[in-house]
Every structure is written in structure tokens, then in C-alpha cells.
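Colleague: Please take a close look at the salt bridges in this model, and go through them pair by pair.

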Amino acid sequence: MSGFTLHCLALLMASVTTYVVFVTVHRLFLHPLAKVPGPKMAAISGLYMAYYDLVMLGGMVEQLEVLHEKYGKAFDEIYRSKFTKEAWFYDPFLAPESSFACVDPRKAKIQKDILRPLFSRKAILKLENVIQRGVIITTYCFAQSFEAIDFPKFQHPMIISLDSSGFMIFLMQHFPFVIPFILGIPRWLARLISPDSLEMQFFLKTLEAQIDKILANPTMLESEEHPTVYHHLIGADVEVKVSKKALQDESAVLLAAGTDTVGNACMIGTFHLLSNRPLKDKLVSELRAAWPDLDSPLSLEKLEKLPYLTAVIKESLRLSHGVVSPLPRIVPFDTIIAGIPVPAGTVVAMGATFMHNNPKVFIDPKKFDPDRWLQPNTTELEENLVPFSKGPRSCLGVNLGWAELYLIFSNIFRKTDMELFNTTYDISHELLAYFRLLRNNREDDIKFSAYMTPRYRGKQRVYAKMLDN
Ligand code: HEM
């Protein structure tokens, strides 16, 4: 190596070292947030979080519990705010024109307002027959069924794909420079590195083909059995023109947003009910009394009036949390949070898990206890139940989510009998997460096995399958 090269290398190393020392000193002592209590490593570098997200496979939520215990917390104040979403977190969802990942609050509101009528309570009641038939999200939103629950062990490519997306999203968040590579990766290489990601591409292509067909011939919407997202986004009477990319982004996001969230709440609730016989018996006897004749479905409005069923759903939502990863927001102006001055531009985050596991509000928070919702005054509990988030960026599908949960829990527990088997794993302490509750393909994923016996063999189809490991 020539003397000149060595000289250049030395200069480069000196520059990097000076930069690192400067940034470290600045962040530790001079930064406006330097006095905020917390681990020094986290103050110095984002690699602290990357370590928990990527190496500890979604362990940041658990670590935050530890940090909150040590340093205190301020999440409830953030929930009440109107802070904007942070691009760092939302860009890797690769759907910037969807109402979920669009960080511009004005644009997101326009798109949400267009879709809102499809997800209003009135629309849900009107389309109740679609929801009663099952296979909800794809039929309700796109008038298409991917028959995901007909696959053995529910291993539909789309579900596998959704399951595997968590790690990739976290990877893209911490190392955004990989995004162009991931987007441009040839199929053969993707098959080698992450075969599951191809399944997602297949499903997105199916939606794209549907979008192309509708864009080429919007009148075909008239022949659909019921309104879909496309009627609202491209229908003849739509005032705001929505791009093809926005249609694709929105479709992908609606499917993801409405699948695991509902699924996790069902899984958590079912597991706890099966683990605790008296709770299950209470639910079943309430359902039997309200719904004696299984040959005709019980309407959503009647189900909503059942107190124990409602309490079971609230408790299932509380312990499944909705979105598990804390949701980051940018503080738009200088403000004070938990007594700490926070300058404009700071990223803060709110996490449902910390609300739902707060022992000051939910006594014995890890316990699945539907009766806590049947006490005379539950105002404080209601205020602290945030699975759908709060404020202007809260869930668009909240009414649909609730409707699905009422119909799923009632149908499953009224029409089948289930019993746990081969289940030893205690899920009550699980908090690790990639956005949602499960960790991917790990031994300690939340899963349980149950024998399911149909109680009803009448006119309606019952999806009764035996799960095993
Ligand atoms: C139990 C069911 C559900 C739960 C617990 C849930 C939870 C949430 C949460 C916590 C957020 C806020 C995310 C954030 O701030 O980044 C959210 C947003 C969203 N959800 Fe849901 N969701 C559920 C069902 C659904 C359904 C069925 C749909 C529609 C098909 C849906 C569509 C959306 C959309 C579009 C957003 C983005 C809203 C925005 O950013 O302004 N969700 N959901």
C-alpha cells in the first residue's frame, strides 16, 4: 500500500472517530433531550433499538417494560395527542399511498374519509350477511375470497407471507438502505433468501390484476353483489381521483390490517376460555339462552347486547393489544411530556401493551378476567382500552373488527365444543413482538392445540378443524 493511500486511510479513520466522538458528546450532554432519563446507549445510537428488534427478535417491547419500570412512563399523554406518524417506521410497509402508511395527516384523512362509509356502523349492519358468511376481509373489501381457511393447517400462502413480513419490515426500518435491494431483487434470489415473500407478491399481483380490470372497465363494479373498497375509491361518483398505486397500497394494507388483529384477539380469547372452564361455561350458557335456534343466525345487534360475550371480547382485545409494537409519532411543536420539555421534531411512541398491562388500571393485568368489565363503573377501564388506538390516526376498521369478533366468538362457542390438548405453553407473559403478538417460526410462538367438535350440523357451514402441532 502506498504512503499516500495510508495517509488517506488514516485521515478517514480520524474523521470517522472525530465524528463519532462529536455525536456521542453532543447526544449525551448537549442535545435538548440529554436530560431525559434512560440508558445512555439508547441516547447515543439507534443501534440500541435495532439490537432488540433484530437480534432479540422483537424484544424491544419487553425491554421497554423494563425501562418504564426503571425510568417512568408518559404514554397516556402521547395517546391523547394529535402528533403525526413517523416515516422511519411507516415507509418500510412499502405502501406510502395507503391511509395507514401515509404520514401526511391531511392526505391520510382524505383517503380515510373516502373509505369511511364502507366501514361505518350503518354499512356494517347493512352488509352483515356478508360478514355472517365468513371469509370476511377479502369478501367484504374486495368481493373476492382467497379461501385461506380451507388450506391444511391454515397454511395459505398469503398467511405464511403475512407471518414472515414482520422481520423484513423491522430490517428495513433499521437499515433503510436495503429497501431498494429488496424491491429490485430478482425472483430467483428472493426464492433463495425468503421464499415466503414471493407468496406475498403472488397475492399482491392478484389484487393488481383485479384493480387493472376495474380501471379498464369501471362499469364492472355495477355487477358486484355489494360495495367494495373499489366502489368508494374509483366509483363513478367519486370526486377525488385515486391513483393506481394508492389503490394497490390501500388494498394490501386493508388486508394486512384486518387479518392478524382480529385473528390474534380470537386466538388469545379462545386460549384463555379453553384454559379456564368456568369462563367458557359462562359464555356458552349466555349464548345458549340468547340463541336457542341455530338454524337462523343471531343478528349482530342482538349479540352486541350480550354482556358476557362483550366482556370476553374486550378482555381478548386487551390481552392481544391490537398493534403490539409502540407506534411512533413526531412532536410537531415544543411541548412538555410527563414534565420533560420535548422539542419539536422529537419522535415519541405510544404502546398499547403498556396501557393494557398497567396494574394501576387493570388489577392483576396479566389475568384474563372478563368480569372486570362487568363491574358497576368501568369508565377508567374503557378509557385505557386502546387496541384500535385513539385520535385521528385510529383504526378505520374498528366497527368491522368488533362485528367480526362478535360473530366469530359467538359462532365458535355456540356451534362447536373445544378442548385443549398438547398445550403446555403459558402465553400469559408473552409480549415480544414484530408489530403484532407472534414471533415468527420460533419454538415459543403463541400456539395451542384444541380438539374441536361441531355441536351443530344444520344448514350452515361450520369450519371445524382439528389443529395439531
Ligand atoms: C381487532 C381488529 C383490529 C384492531 C385491534 C386494529 C388496530 C389498529 C390500530 C392499533 C391502528 C393504528 C395503527 C397506527 O397508528 O399506525 C389501526 C389502524 C388502521 N386499521 Fe385497524 N385494527 C383492527 C381491524 C381493522 C380492520 C378490520 C380494518 C379494515 C379492513 C382495519 C384498517 C385499519 C386502517 C386502514 C388503519 C390506518 C388508520 C390510520 O393510519 O389513520 N383495521 N388499526
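Modeller: Aspartate 113 is partly exposed in this predicted model, because its relative accessibility is 32%, and buried would require under 20%. Its salt-bridge partner is arginine 116, with the closest N and O atoms 3.1 Å apart. Arginine 116 is also partly exposed, at a relative accessible area of 39%. Both residues belong to helix H7 (residues 105-119), where a spacing of three residues puts about one helical turn between them. Salt bridges with shared partners extend this pair to a network of Lys109, Asp113 and Arg116.

Glutamate 208 and lysine 244 form a salt bridge with an N to O distance of 3.1 Å. Glutamate 208 is in helix H14 (residues 195-216) and lysine 244 in helix H16 (residues 244-257), so the bridge links distant parts of the chain, 36 residues apart. Lysine 244 is partly exposed, with a relative accessible area of 30%.

Lysine 280 and aspartate 417 make a further salt bridge, at 2.8 Å from N to O. Since lysine 280 sits in helix H18 (residues 277-290) and aspartate 417 in strand E6 (residues 416-421), this bridge ties together parts 137 residues apart in sequence. Lysine 280 is buried, at 4% relative accessibility, whereas aspartate 417 is partly exposed, at 28%.

The structure holds twelve salt bridges, and those described here are among them.

Methods: Residues numbered from 1 in each chain as written. Predicted model: local features only at pLDDT ≥ 70, side-chain atom pairs only at ≥ 80, totals over all residues. Heavy atoms only, no water. Salt bridge = Lys/Arg side-chain N within 4 Å of Asp/Glu carboxyl O. Helix = DSSP H or I, 4+ residues; strand = E, 2+ residues; numbered from the N terminus. Buried < 20%, exposed > 50% of the residue type's maximum accessible area, 1.4 Å probe, protein only.
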